[in-house]
Amino acid sequence: MFLPSFETVHAWLQLNNEWLGPTIAFMALIESLVVVGLLVPGVPIMFALGAMAGAGAIDPVSMLVWGIIGAVIGDGISFQLGYHYHQKVRSWWPFYKHPQWLAKGEDFFHNHGDLSIALGRFIGPVRPVVPVVAGMLDMSPKRFYIVNILSAIPWAPVYLMPGFLAGAAIQTHGTVPVAFFSLIVVFLIKAIVIPALAIWLSWRFKISTLLKMTIGMLLVLLGILTAMECLGYVSFWNQEVNQWVTHLKMPYLDKMMTWATWLGSLSVLLIPGGLWVIGGLHKNCIHKVVTFLVSFIGLEVSLWSMKWLIDSPRPSVSLYGDPFSFPSGHTAQATFFLLWFGIASSKKLAYVPRVLLLSTSLMMIFLVAFSRLVLQAHWMSDVIAGFLLGALWLCMALFYSYKK
C-alpha cells in the first residue's frame with residue numbers, strides 16, 4: 001500500500017521540483033514523530049528524496065535546511081505531547097500493547113540524560129520514542145530545544161547526503177560509483193571500531209602502558225612510511241589513487257570537500273583550541289594546558305621539518321601556498337586537535353555516547369584527509385603520514401597529561 005503511493009509522490013515531485021524541499025521537511029517530521037516514526041521506513045525514503053535533490057532538483061544547502069526544519073519540528077511535537085499528557089501517553093496505541101517501547105526509551109533517557117536526545121536520532125529503536133519520554137519526564141523545554149536543534153544539524157547530512165551524492169553521480173556518470181560509497185562505508189566502520197577498541201583496551205591495560213605501546217607503534221609505522229616515501233616506493237600507489245580520485249567528478253563534491261578541508265585548517269582549529277586553553281587555565285589545569293601547548297608546538301616543528309627535509313612535490317602545486325606535500329598538515333592538525341577535544345569532552349560519558357563522540361571526531365578527520373586527495377592538495381602517502389604524525393603527538397600529549 002505504501003510503495004505505490006510513494007511512487008506516485010515520486011513521479012509528481014519529478015514534475016514539481018519546487019515542492020521537493022517541503023516534502024523533505026514533511027518526511028523528516030514524520031520520521032521523527034512519536035509512533036508514526038516507528039512505522040515509516042525513514043532511511044530509504046530520505047535516501048530517495050536526497051537522490052532526487054542530487055539529480056538537480058534543489059541545491060544541497062536548501063535540501064539540508066529543509067531536513068533540519070522537519071526533524072526539529074517532528075521531535076518538538078513528540079516532546080510537547082509527552083510534556084502535556086505525561087503518563088496518559090502510556091494508554092495510547094501502540095504503547096498500551098507494547099509498553100516495553102516506552103520502557104526502553106526511559107532507560108535510554110535515564111542512562112544518557114540530555115545527550116539521549118542527540119543520540120536517539122541515530123539509533124533506530126528509540127528514535128521516535130526518546131523525545132516523548134523526555135517530555136513525560138519533565139525535561140526543561142529550553143534544554144530540550146537547544147539539544148533538538150543542535151542534533152538535527154548533523155542528522156540531516158547523515159540521512160540525506162548519501163542519496164544526494166548517489167543522485168548527483170547518476171546524473172553525471174549514469175551510474176553510482178560503488179567504489180566511492182564503499183570507501184565511505186569503510187570510513188564509517190573504522191570510525192566506530194577504532195574508538196570502541198581503544199576504550200576496551202583502556203579497560204584491559206594500564207593507560208600509561210597502552211599509550212607507550214601506541215607511541216612505539218606509530219613511530220615505527222611513520223618511520224617505515226617516511227623511508228618508503230624517500231625511496232620512491234609509494235609513488236605508484238600515489239599515482240593510482242590520484243588517478244581514481246581525478247575521475248571521481250560529481251556535482252558539488254569539490255565544494256563539499258572544500259568545506260571539509262576547511263575543518264583541518266589551523267586558523268579554524270585554533271579557535272576551539274584557544275577556548276580549551278582558556279577553560280583549562282580557568283580550572284587551574286596548568287599541567288594539561290602546558291602539555292597540550294608543548295605537544296602542539298612539537299607537532300608543528302616536526303611537521304614542517306619533515307616537509308622541508310623530504311621536499312615532496314604536491315599533485316597540484318599552483319593552487320597552494322607552499323610546495324611541500326609530505327606529510328599533510330591539515331590531516332595532522334585535524335587528528336591532533338579533534339581527537340584531543342573528543343577525548344577530553346567524552347571522558348565522563350557512558351560507553352555508547354563516548355564511542356559515538358569519538359567516532360564523530362574520527363569521521364571528521366577522515367573527511368579532512370579525503371578532501372586533501374579530492375582537491376589534489378596531497379598524495380595518499382601524505383595523508384596517511386599526517387594521520388600518523390598527528391596521532392603520535394596526541395598520544396605523547398595524553399601520556400604526559402596522565403603521568404602527573
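**Reading the model, feature by feature**

Modeller: Buried means under 20% relative accessible area, exposed means over 50%, and partly exposed lies in between (1.4 Å probe, protein chains only). This is a predicted model, in which local features need pLDDT of at least 70 and side-chain atom pairs count only at pLDDT 80 or more, while totals for chains, interfaces and linings use all residues. Residues are numbered from 1 along each chain as its sequence is written, and side-chain values use heavy atoms, with hydrogens and water left out.

Biologist: Which residues of helix 2 are buried?

Modeller: Helices are DSSP runs (H or I, at least four residues), numbered from the N terminus. Helix 2 covers residues 20-32, and 11 of its 13 residues are buried, so that this helix is mostly covered. The buried ones are Leu20, Gly21, Thr23, Ile24, Ala25, Met27, Ala28, Leu29, Ile30, Glu31 and Ser32.

Biologist: What span does helix 2 reach from its first C-alpha to its last?

Modeller: The expected span of a helix is 1.5 Å times one less than its number of residues. Helix 2 reaches 18 Å, close to the 18 Å expected.

Biologist: How many salt bridges does the structure hold?

Modeller: Side chains of opposite charge can pair when their charged atoms come close. A salt bridge is a side-chain nitrogen of Lys or Arg within 4 Å of a carboxyl oxygen of Asp or Glu. The structure holds 1 salt bridge. Its partners are Arg90 and Glu106, whose closest N and O atoms are 2.8 Å apart. Arg90 lies in the loop between helix 5 (60-85) and helix 6 (99-112), and Glu106 lies in helix 6, so the pair ties together parts that are 16 residues apart in sequence.

Biologist: Are these two residues buried or exposed?

Modeller: Arg90 is partly exposed, with a relative accessible area of 32%, whereas Glu106 is buried, at 15%.

Biologist: How many aromatic pairs does a search of the whole structure find?

Modeller: A pair of aromatic rings is described by the distance of the centres and the angle of the planes. Rings of Phe, Tyr and Trp (its six-membered ring) pair if their centres lie within 6.5 Å; planes under 30 degrees apart count as stacked, over 60 as edge-to-face and the rest as tilted. The search finds 17 aromatic pairs. One of them, Trp155 with Tyr159, is stacked, at 4.7 Å centre to centre and 25° between the planes. Both residues lie in helix 9, 4 residues apart, about one turn of the helix. Trp155 is buried at 0% relative accessibility, and Tyr159 is buried at 11%. For Phe337 and Phe341, the ring centres are 5.9 Å apart and the planes stand at 55°, so this pair is tilted. Phe337 and Phe341 are 4 residues apart in helix 16, about one helical turn. Phe337 is buried too, with a relative accessible area of 1%.

Biologist: Which residues form one aromatic cluster?

Modeller: Trp276, Phe292, Phe296, Phe336, Phe337, Trp340 and Phe341 form it.

Biologist: Which residue lies over the face of Trp304?

Modeller: A charge sits over a ring if NZ of Lys or CZ of Arg is within 6 Å of the ring centre and within 35 degrees of the ring normal. Here Lys307 lies over the face of Trp304, at 5.4 Å from the ring centre.

Biologist: Which residues does a cis peptide bond join?

Modeller: The bond joins Phe326 and Pro327, with omega about -5°. Pro327 is found in the loop between helix 15 (286-310) and helix 16 (329-346).

Biologist: How many disulfides does a search of the whole structure find?

Modeller: A disulfide is a pair of cysteine sulfur atoms within 2.5 Å. The search finds 0 disulfides. As for individual cysteines, Cys230 is exposed at 51%, whereas Cys395 is buried at 9%.

Definitions and conventions. Helices (H or I, at least four residues) and strands (E, at least two) are DSSP runs, numbered from the N terminus.
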